[in-house]
Number of protein chains: 2
Amino acid sequence: MSEADRAAVAVLRASVLKLGRRLRNQRADESLSPTQLSVLTILVARGAMTPGELARHEKVQPPSMTRVIAGLEERGLVRRDPHPEDRRQITVTATEPAAEVVAESRKLGNAWLAAHLEALSDEELAALRAAVPVLERLAQL
Amino acid sequence: MSEADRAAVAVLRASVLKLGRRLRNQRADESLSPTQLSVLTILVARGAMTPGELARHEKVQPPSMTRVIAGLEERGLVRRDPHPEDRRQITVTATEPAAEVVAESRKLGNAWLAAHLEALSDEELAALRAAVPVLERLAQL
DNA sequence: TATTGTTATACTCTATAACTATA
DNA sequence: TATAGTTATAGAGTATAACAATA
């Protein structure tokens, strides 16, 4: 890896961290946390999953996922049911209103980012668009 | 903005948040926090600045910057001096060992990210490299 | 009055360690 | 013994509100 690459890595890291902090702080108080939204999105898309599966997917520890699920359950967005085969496990399922909440929360949460994207040039937007799948892959490695 | 753009924005946001969480949790316990490292880097590069200037630059609130500076001062990495012109303000200056700490901490902090970049193809790396300046700009808008 | 920095306080998110129930 | 989920606890990082000193 060249010196220029190392510098780029440092800038990438700092930018992701700063941008992440701003995205976290920008969301409305009543909206879902990033992890809550991410979990609910997966559940809406894929159906029931266990807490352990969700924790592995989100790269968080199991106790953190317990809290995330508890928050979603309080709002009536997920249901916890006995696992059909293994009584140690449970299944978490998105409830009927979850799909709409996902759509709405995502819209609100993206508002700040979408607004700031307006300030970018076409070339910058194109570069960003090309990098989005790479960032997505990097985030789940 | 097209529907595809909205979806891309959602993925970008989720990816930045998830990647940011992993980058935060990945650093060693004794290393500097992201904001501490960022502040120290600026001070090493630009010389003395006031807490207010640093807070605006990092997009954090002044009390948060006070804490960041206190942490750096405890480690002997910055010095707080009276401001030469305005006695309400102070100047924050990087000390002699700061430059080396910045280089070392950055190297450690980037290790996880650099290691994971190895898994990407040349095309993905090129896309990422092109997007780094855009992400940097977005982070400081 | 307005501005700068600080102190006091609280909140969100995540982590580790220890516990319970089941396999 | 090993695994899944939970509870208890702690820590990092940031925010808002209130305060002191200075402009």
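## A first term and the model

A salt bridge is a side-chain nitrogen of Lys or Arg within 4 Å of a carboxyl oxygen of Asp or Glu. Glu124(B) forms one with Arg137(A), where the closest N and O atoms are 2.6 Å apart. Across the interface of chain B and chain A, the rule finds two salt bridges.

This is a predicted model, in which local features need pLDDT of at least 70 and side-chain atom pairs count only at pLDDT 80 or more, while totals for chains, interfaces and linings use all residues. Residues are numbered from 1 along each chain as its sequence is written, chains are lettered from A and ligands numbered from 1 in the order in which they are written, and side-chain values use heavy atoms, leaving out hydrogens and water.

## Where the two chains meet

Let's look at the protein interface. In contact (heavy atoms within 4.5 Å) are 52 residues of chain B and 51 residues of chain A. Together the chains bury about 5300 Å², 68% of it on carbon and sulfur atoms; buried area is the accessible area (1.4 Å probe) that two parts lose on being put together, summed over both. On the chain B side, Arg13(B), Lys18(B) and Leu138(B) lose the most area to chain A.

## Around the DNA

Now for DNA strand C.

Thr35(A) has a side-chain N or O atom 2.8 Å from a phosphate oxygen of DNA strand C.

Terms used:
Polar contact = N/O pair within 3.5 Å; in protein donor to acceptor, adjacent residues only side chain to side chain.
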